[in-house]
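Here's a quick briefing to read alongside the model. Have the sequence and the 3D view open, and we'll walk through it topic by topic.

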Amino acid sequence: MTQAEQLLEVAYREALRGRAEGGIPIGAALFAADGTLLGRGHNRRVQSGDPSMHAETDAFRNAGRRRDYGSTIMVTTLSPCWYCSGLVRQFGIGAVIIGEAQTFHGGHDWLAEHGVAVTVLEDQRCIDLMTEFIADQPLLWHEDIGVAGD
């Protein structure tokens, strides 16, 4: 197992936790460059009623304040949306590891264009988790990505 896959494991467990809570199964974790876990979280938009509580936001908030984020690594089970991509850029997070970008292609190309080291793993567990969720909960999925649905 590569280091990236090991870090993804933390985010994947968070995604499963979100699913078990009845929420959207996206997980994230923020790590120091040496692999020390700084904060973890999962999408809690449904659970908390807070539309801004995406997985990356939850992990970032749980990591607490830092003077510099340049050497940190954001790990997320799904390509980050524009909101979460903005968080990465705003705080200068230096690297993003993405579990999968097949079910949703967020802002990771933009991040790479602006100097963020982006790794997309296309992890089959992450793909399966989101594929099943989208099939089971299309209206909730559309709400999460900002698409008006019927």
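**The stretch in question**

Taking residues 2-118 as a unit, the chain is 40% helix and 18% strand, with the end C-alpha atoms 15 Å apart. Those are the residues where UniProt, in an unreviewed entry, places the feature "domain: CMP/dCMP-type deaminase". Keep in mind that this is a predicted model.

**The sheet as a whole**

- Start with the strand order: 5 strands make an open sheet that reads β2-β1-β3-β4-β5, with mixed pairing.
- β2 and β5 (117-120) sit at the edges with a single partner strand each, so one side of each has no neighbour in the sheet.
- Ignoring direction, neighbouring strands in this sheet are turned by 15° against each other on average.
- If you want a landmark for β5, look at Val 120, the bridge partner of Ile 98.

**β1 and its two partners**

- How many of the residues of β1 are buried? The count is 5 of 5, so this strand is mostly covered.
- Gly 27, Ala 29 and Phe 31 point one way from β1, while Ala 28 and Leu 30 point the other way, and all of them are buried.
- On one flank, β1 pairs with β2 in the antiparallel sense over 5 bridges.
- β1 also pairs with β3, again in the antiparallel sense, over 4 bridges.
- Ala 28 is a handy residue for seeing both pairings: its bridge partner in β2 is Gly 41, and its bridge partner in β3 is Thr 76.

- β1 and β2 form a hairpin with 5 residues between them.
- Gly 35, in the turn, has a positive phi of about 95°.
- Ala 32 also belongs to the loop between β1 and β2.
- Is Ala 32 buried or exposed? Its relative accessibility is 14%, and the cut-off for buried is under 20%, so Ala 32 counts as buried.
- Leaving aside residues up to four places away in sequence, Ala 32 touches Leu 38, Ser 71 and Ile 73.
- Ala 32 and His 108 are 76 residues apart along the chain, and their C-alpha atoms are separated by 20 Å.

**Helix α1**

- α1 covers residues 3-20, which makes 18 residues.
- From first C-alpha to last, α1 reaches 26 Å, close to the 26 Å expected at 1.5 Å a residue.
- Where does α1 bend? Look at Glu 9, where the bend is about 25°.
- Just after α1 comes Gly 22, which takes a positive phi of about 85°.

- α1 lies across β1, β2, β3 and β4, and runs at about 140° to β1.
- Which α1 residues are buried? They are Ala 4, Leu 7, Leu 8, Val 10, Ala 11, Tyr 12, Glu 14, Ala 15 and Gly 18.
- Among the strands, those buried residues pack against β1 (27-31), β2 (37-42), β3 (73-76) and β4 (95-98).
- The buried residues of α1 pack against helices too, namely α2 (45-48) and α6 (124-136).

How values were computed: Residues numbered from 1 in each chain as written. Predicted model: local features only at pLDDT ≥ 70, side-chain atom pairs only at ≥ 80, totals over all residues. Heavy atoms only, no water. Helix = DSSP H or I, 4+ residues; strand = E, 2+ residues; numbered from the N terminus. Expected span 1.5 Å × (residues − 1). Bend = angle between axes of the 7 residues up to and from the residue. Buried < 20%, exposed > 50% of the residue type's maximum accessible area, 1.4 Å probe, protein only. Contact = heavy atoms within 4.5 Å. UniProt positions renumbered as here; feature names shortened; annotations may be inferred. Pairing = 2+ DSSP bridges. Axes fitted to C-alpha atoms, helices over the stretch in contact; angles between N-to-C directions.
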